[in-house]
Amino acid sequence: MMTSAATTVVHARAPGKINVFLKVGAVMEDGYHDLATAYQAVSLFEEVRASAASDFSVEFSGSIDTSDLVTDGSNLAIKAAQALARKAGYRGGVHLEIEKNVPIAGGMGGGSADAAATLLACDALWGTNASKDELLAIAAQLGADVPFSFTGGTAIGTGRGDQLSPALAKGKFQWVLALADFGMSTPGVYQELDRHRDRHAQDIFPAQHQPSVDANVLQALRAGDPHMLADVLHNDLQAPALHLAPGLGKVLQLGEENGALAGILSGSGPTVAFLVADADSALELQVALSASRLRVVRVTGPVHGARLIHD
Ligand code: C5P
């Protein structure tokens, strides 16, 4: 799409994610951990509207409190736009309006979704015509989860989490999310895992190189069976995150006492995702968790990745 008028606004949307399986392997030479994860994109979306400007700026609104977000060059959406401009040799800038619905620092890839939608919106706005592979390569430089928000659906991530291969998934899974009123630092949770592994080096197996996603996870996704998937949900970051934020243990317990098939920390947390059997159970669990003064959202997955929206 060629767009040049200053008033043109390009709208792109990208989803948040849940890691239904996350195994953290050894630390690699670049300081990142070797991962094996199964991503599922879920129906919480970031909405990015991009309009032509001479420099780079961003403003936020949305269903969550965005007042603490940085809007300078350290913001991932600005970095995404600048990276594409550099790559394409585009000399202008962009003004981004981002409507946020994915929790901030919640372990659901909200910042990554902002970046993925921004790449798509700027590509269309500036008429840079980058290929999908070029946009994915920029996405991978921006963060481990950005390529997945770009592609969406269900996928296996290895390496940093950015080397994706699609996974077959049937039907829709129903989730109830318990949102925390605080954020958690992803590097902080990984460091806590490393500290734990160092402390117990004598008693545990060394962290794996090239870990893989268990076959029964792939089977449960292929079958579209929430009971099967509930039995195999796994996240290596859950224990270190619970060590840093012990209150999350009570949230997990509350969900499992109120009809969830299973609960799991989303990514590095603190959002807790409960898998339920059907829409009725989702509603019942939402009522029970809300009664305990938790902020709760129901979502389904998988959903599509970043795409342009023609308003
Ligand atoms: O790539 P992203 O910026 O999302 O990663 C945030 C942090 O999480 C990294 O700086 C690193 O500390 C940690 N991380 C890691 N191994 C991964 C992914 C993330 O150690 N595979």
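The space it takes is the largest pocket. A pocket here is an open set of points on a 1 Å grid over the protein atoms alone, with protein on both sides within 12 Å along at least five of seven lines. A molecule sits in a pocket if more than half of its atoms lie within 2 Å of the grid points.

Keep in mind that this is a predicted model: local features need pLDDT of at least 70, side-chain atom pairs count only at pLDDT 80 or more, and totals for chains, interfaces and linings use all residues. Residues are numbered from 1 along each chain as its sequence is written, and side-chain values use heavy atoms, with hydrogens and water left out.

**Select the shell.** Pick Tyr 32, His 33, Leu 35, Gly 143, Ala 144, Arg 160, Thr 186, Pro 187 and Tyr 190; they surround the ligand. Each counts as near if one of its heavy atoms lies within 4 Å. By class, five are nonpolar, three polar and one charged. In this scheme Ala, Val, Leu, Ile, Met, Phe, Trp, Tyr, Cys and Pro count as nonpolar, Asp, Glu, Lys and Arg as charged, and the others, Gly among them, as polar.

**Colour by element.** Helices (H or I, at least four residues) and strands (E, at least two) are DSSP runs, numbered from the N terminus. Strand E2 (33-53) and helix H5 (186-199) each supply at least two shell residues. H5 gives the most, with three.

**Colour by domain.** Domain 1 (9-166) and domain 2 (173-301) both give residues to the shell, so the ligand lies between them. The bounds come from an automatic or database domain assignment.

**Zoom in on polar contacts** (pairs of N or O atoms within 3.5 Å). A side-chain N or O atom of Tyr 32 is 2.9 Å from a ligand oxygen. At Ala 144, a backbone N or O atom lies 2.8 Å from a ligand oxygen. At Arg 160, a polar backbone atom is 2.9 Å from a ligand nitrogen. The protein covers 76% of the 460 Å² of accessible area that the ligand has on its own (Shrake-Rupley method, 1.4 Å probe).

**Now visit the loops.** Select Gly 269 and Pro 270: a cis peptide bond joins them, with omega about 10°. Pro 270 is in the loop between strands E9 (262-265) and E10 (272-276). Finish at Asn 129, a residue other than glycine with a positive phi, near 55°. Asn 129 is in the loop between helices H2 (110-126) and H3 (132-142).

How values were computed: A polar contact is a pair of N or O atoms within 3.5 Å; within protein, one must be able to donate a hydrogen and the other to accept it, and residues adjacent in sequence count only if both atoms are side-chain atoms. On a 1 Å grid over the protein atoms alone, a cavity is a set of points where a 1.4 Å probe fits but cannot get out, and a pocket is an open set with protein on both sides within 12 Å along at least five of seven lines; lining residues have an atom within 4 Å of a point.
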